[in-house]
Amino acid sequence: MDLALAQAVTSMFRTSPNPRVGCVIISSQGMLLGQGSTQQAGGPHAEIMALRDAAARGNDVHGATAYVTLEPCSHHGRTGPCCDALIAAGIGKVVGALTDPNPQVAGQGFERLRAAGVQVEVGPGAAESRELNIGFFSRMVRGTPWVRLKAASSLDGVTALHNGQSQWITSPAARADGHAWRARACTILTGIGTVLEDNPRLNVRDVQTPRQPRIAVVDSKLDLPIDAHVLKAPSGCLVYTASQNQAKIEQLQALGATVVDMPNAAGKVDLAAMLRDLARRGTNELHVEAGFKLNGSLIREGLVDEFLFYQAPKLLGTGAMGIANFGPLDALSQGLQLEFQDVARLGPDLRVVARVQGRSGF
């Protein structure tokens with residue numbers, strides 16, 4: 001199963017909106033017969049890749065054991081059912097880490113394998129597989145993406161000086177790592193303030209990836225300039241608004257953007273409804289790179305699951321911009337309680353991954 005999980009990791013940047021899955025096929029003598037991981041959406045799943053690899057090596061898989069990091073699918077989507085392919089190949093046993101949370105599968109793959117006489121064991125590697133696919137599980141179970149908010153700051157929490165200068169607080173090593181986190185996301189979310197201030201591209205540049213994430217912009221009044229870089233995103237740009245400016249809507253649509261009218265009672269974008277819409281559009285992991293206003297709104301509404309902080313070993317003082325505009329709080333108990341997931345050194349900087357307490361227990 002460790003080998004299968006390692007295979008799943010190799011699919012990190014490419015499978016969206018499908019889960020990251022690995023498969024290895026082992027003979028009764030313990031020999032590796034074939035291995036593979038899920039390809040891009042519409043391409044072969046991990047089980048098919050492992051069967052193909054075994055065939056290319058000239059290995060007979062009849063009676064062998066397949067270790068798979070997620071239940072083999074049992075439905076016809078872009079590809080055929082993987083459980084049927086394993087049965088047809090003569091696999092004798094399947095060890096699956098987890099039951100697929102997708103209602104179209106949800107145990108049916110394991111049932112069909114058992115009905116065909118294949119031994120099934122479920123459980124090894126479950127925690128690792130779920131963590132690798134936490135966005136997929138979030139979308140299937142909660143109906144919303146896993147929301148990860150990224151911020152780069154000084155040790156005293158400054159993300160930009162009073163004059164707006166922010167490039168670059170952290171080092172090239174931290175920025176490259178940030179691009180790897182972008183690459184694993186299905187969608188990158190930002191706010192209109194960041195677009196107007198920085199005109200960012202928000203694409204993946206510092207790591208190799210076969211797929212660029214989609215861009216989403218929260219723009220209540222449709223202030224998005226028609227020459228904004230985000231409108232040229234190769235995977236498309238979603239603009240969430242509360243504006244009825246039909247002329248601007250048509251202008252943005254002509255540039256290829258998808259404009260989604262999603263107002264709340266206050267005339268701003270309904271952020272919770274936006275997350276549900278992003279899930280319907282296949283977003284597993286939502287990577288937020290925004291300013292302190294949108295960050296604060298997401299935190300106040302309890303919509304952030306995890307924080308990705310990069311901290312440079314410097315102090316930038318008062319009068320500057322912080323990570324998020326929320327508060328002031330009247331009691332320490334009102335603070336958002338986090339759990340450290342990982343702390344790492346990247347060049348001179350620190351990377352801190354912190355999860356909202358209890359958030360992963362869905």
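This briefing describes the packing, charged pairs and surface features of the structure shown above. The model is a predicted one. Its largest nonpolar core has 29 residues, and apart from that core lies another, of 24 residues. A search of the whole structure finds 17 salt bridges, and three aromatic pairs are present.

**Nonpolar cores**

- In soluble globular proteins, nonpolar side chains tend to be buried together.
- Helix α10 provides the largest share of the core, namely five residues.
- Beyond its neighbours within four places in sequence, Y240 is in contact with A216, V217, V218, D219, S220, V260, M262, V269, M274, D277, L278 and R281.
- The other core, which lies apart from this one, has 24 residues, among them C23, I25, V61 and A64.

- Helix α6 covers residues 134-141; six of its eight residues are buried, so the helix is largely enclosed by the rest of the structure.
- The buried residues in question are I134, G135, F136, F137, S138 and R139.
- They pack against α5 (126-132), β6 (146-154), α10 (271-280), β11 (285-288) and β14 (349-356).
- Just after α6, the residue G143 adopts a positive phi of about 80°.

**Aromatic pairs**

- A pair of aromatic rings is described by the distance of the centres and the angle of the planes.
- The structure holds three such pairs, two of which are described here: F136 with F137, and F307 with F309.
- The ring centres of F136 and F137 are 6.5 Å apart and the planes stand at 85°; the pair is therefore edge-to-face.
- F136 has a relative accessible area of 5% and is buried, and F137 is buried at 6%.
- For F307 and F309, the ring centres are 5.3 Å apart and the planes are at 20°, so this pair is stacked.
- Both F307 and F309 are buried.

**Salt bridges**

- D277 and R280 form a salt bridge through their side chains, at 3.6 Å from N to O.
- These two residues are three apart in helix α10, which means that about one helical turn separates D277 from R280.
- D277 is buried, with a relative accessible area of 8%, whereas R280 is exposed at 62%.
- R355 and E306 also meet in a salt bridge, at 2.6 Å from N to O.
- This pair links distant parts of the chain, with R355 in strand β14 and E306 in strand β12, 49 residues apart.
- R355 is buried at 3% relative accessibility, and E306 is buried at 2%.
- R355 and E306 belong to a network of salt bridges that also links R20, E131, R148, R184 and E285.
- A further salt bridge joins the side chains of D342 and R351, at 2.8 Å from N to O.
- D342 is partly exposed, with a relative accessible area of 31%, while R351 counts as buried at 14%.

**Nonpolar surface patch**

- F340, V343 and L350 make a nonpolar surface patch of about 310 Å².
- One of these residues, V343, lies in strand β13 (residues 338-346).
- V343 counts as partly exposed, its relative accessibility being 48%.

- C82 is located in helix α3, which comprises residues 82-89.
- With a relative accessible area of 1%, C82 is buried.
- C82 and A46 are 36 residues apart in sequence, and their C-alpha atoms are 8.7 Å apart in space.
- Leaving aside neighbours within four places in sequence, C82 is in contact with H45, E47, I48, P72 and C73.

Technical notes
Residues numbered from 1 in each chain as written. Predicted model: local features only at pLDDT ≥ 70, side-chain atom pairs only at ≥ 80, totals over all residues. Heavy atoms only, no water. Patch = residues over 30% accessible without salt bridge, like charges linked within 9 Å, V, L, I, M, F, W, Y side chains within 5 Å. Areas by Shrake-Rupley, 256 points an atom, 1.4 Å probe, with all protein chains shown as cover. Salt bridge = Lys/Arg side-chain N within 4 Å of Asp/Glu carboxyl O. Helix = DSSP H or I, 4+ residues; strand = E, 2+ residues; numbered from the N terminus. Buried < 20%, exposed > 50% of the residue type's maximum accessible area, 1.4 Å probe, protein only. Contact = heavy atoms within 4.5 Å. Core = buried A, V, L, I, M, F, W, Y, C linked by side-chain atoms within 4.5 Å. Phe/Tyr/Trp six-rings, centres within 6.5 Å; stacked < 30°, edge-to-face > 60°.
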